[in-house]
Amino acid sequence: MKYNILRNILDKISKDAPKEFVSYKQTKDEEKNNQIRSKCLIHLFLMVRFGIDDFKTRESFITEGGYNRVIRFNS
C-alpha cells in the first residue's frame with residue numbers, strides 16, 4: 001500500500017482513543033475502518049497544526065451529526 005506510514009499513524013490514533021469513544025474501535029469491515037481513519041486524520045491535523053494533544057479536546061472540534069458548531073481559529 002502506498003500510504004502505509006500514514007495509515008499506521010491513523011490506526012495508532014484510533015487505538016489510543018479513550019474507551020468511551022467506541023466509534024474509534026477498529027473492525028473487520030475495511031470501509032468502517034476507513035471512516036475511522038478519516039476522523040483520525042482530522043485528529044492528526046489538530047495535533048500538528050494547533051498542538052492539541054488531548055484526545056477529548058480534539059474530538060470536541062470534530063463536527064458531525066447534530067452537534068455541529070462554528071469554530072474560528074486564530075492563525
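**Entry 1. Overall layout**

I read the elements from the N terminus on and found the order α-α-α. I counted 3 helices and 0 strands in the chain, helices (H or I, at least four residues) and strands (E, at least two) being DSSP runs numbered from the N terminus. I note that this is a predicted model, in which local features need pLDDT of at least 70, side-chain atom pairs count only at pLDDT 80 or more, and totals for chains, interfaces and linings use all residues. I number residues from 1 along each chain as its sequence is written, and side-chain values use heavy atoms, with hydrogens and water left out.

I looked up burial for the chain of 75 residues: buried residues make up 25%. Buried means under 20% relative accessible area, exposed over 50%, and partly exposed in between (1.4 Å probe, protein chains only). I then looked up contacts, that is, heavy atoms within 4.5 Å. Of the contacts with a separation of 6 or more, 44% are between residues 24 or more positions apart.

**Entry 2. Helix H1**

I checked the length of H1 (residues 4–15). Its 12 residues should span 16 Å at 1.5 Å a residue, and the end C-alpha atoms are 16 Å apart, which agrees; the expected span is 1.5 Å times one less than the number of residues.

I listed the buried residues of H1 as Leu-10, Asp-11, Ile-13 and Ser-14. They cover an arc of only 155° around the axis, which puts them on the same side of H1; the arc is that of the directions from the helix axis to the C-beta atoms. The face turned away from this buried side carries the exposed residues Ile-5 and Lys-15. I found that the cover over the buried residues of H1 includes helix H2 (30–50) and helix H3 (55–61).

I looked up Asp-11 in helix H1. Asp-11 has a relative accessible area of 12% and is therefore buried. Leaving aside neighbours within four places in sequence, Asp-11 is in contact with Gln-26 and Arg-37.

Lys-25 lies in the loop between H1 and H2. At a relative accessible area of 63%, Lys-25 is exposed.

**Entry 3. Nonpolar core**

I found 9 residues in the largest nonpolar core: Leu-10, Ile-13, Ala-17, Phe-21, Tyr-24, Ile-36, Cys-40, Phe-55 and Ile-62. Such a core is a set of buried Ala, Val, Leu, Ile, Met, Phe, Trp, Tyr and Cys residues joined through side-chain atoms within 4.5 Å. H1 and H2 are the elements that give two or more residues to this core.

Beyond neighbours within four places in sequence, the contacts of Tyr-24 include Ser-14, Lys-39, His-43 and Glu-59.

**Entry 4. Aromatic rings**

I searched the whole structure and found 4 aromatic pairs. Rings of Phe, Tyr and Trp (its six-membered ring) pair if their centres lie within 6.5 Å; planes under 30 degrees apart count as stacked, over 60 as edge-to-face and the rest as tilted. The ring centres of Phe-21 and Tyr-24 are 6.4 Å apart and the planes at 75°, so this pair is edge-to-face. Phe-21 and Tyr-24 are buried. For Phe-45 and Phe-50 the centres are 5.7 Å apart and the planes at 80°, so that pair is edge-to-face. Phe-45 counts as partly exposed at 46% relative accessibility, and Phe-50 counts as partly exposed at 27%. Ring pairs link Phe-21, Tyr-24 and Phe-55 into a cluster.

I also found Lys-39 over the face of Tyr-24, at 4.3 Å from the ring centre. The charged end of Arg-49 sits over the ring of Phe-50, 5.1 Å from its centre. A charge sits over a ring if NZ of Lys or CZ of Arg is within 6 Å of the ring centre and within 35 degrees of the ring normal.
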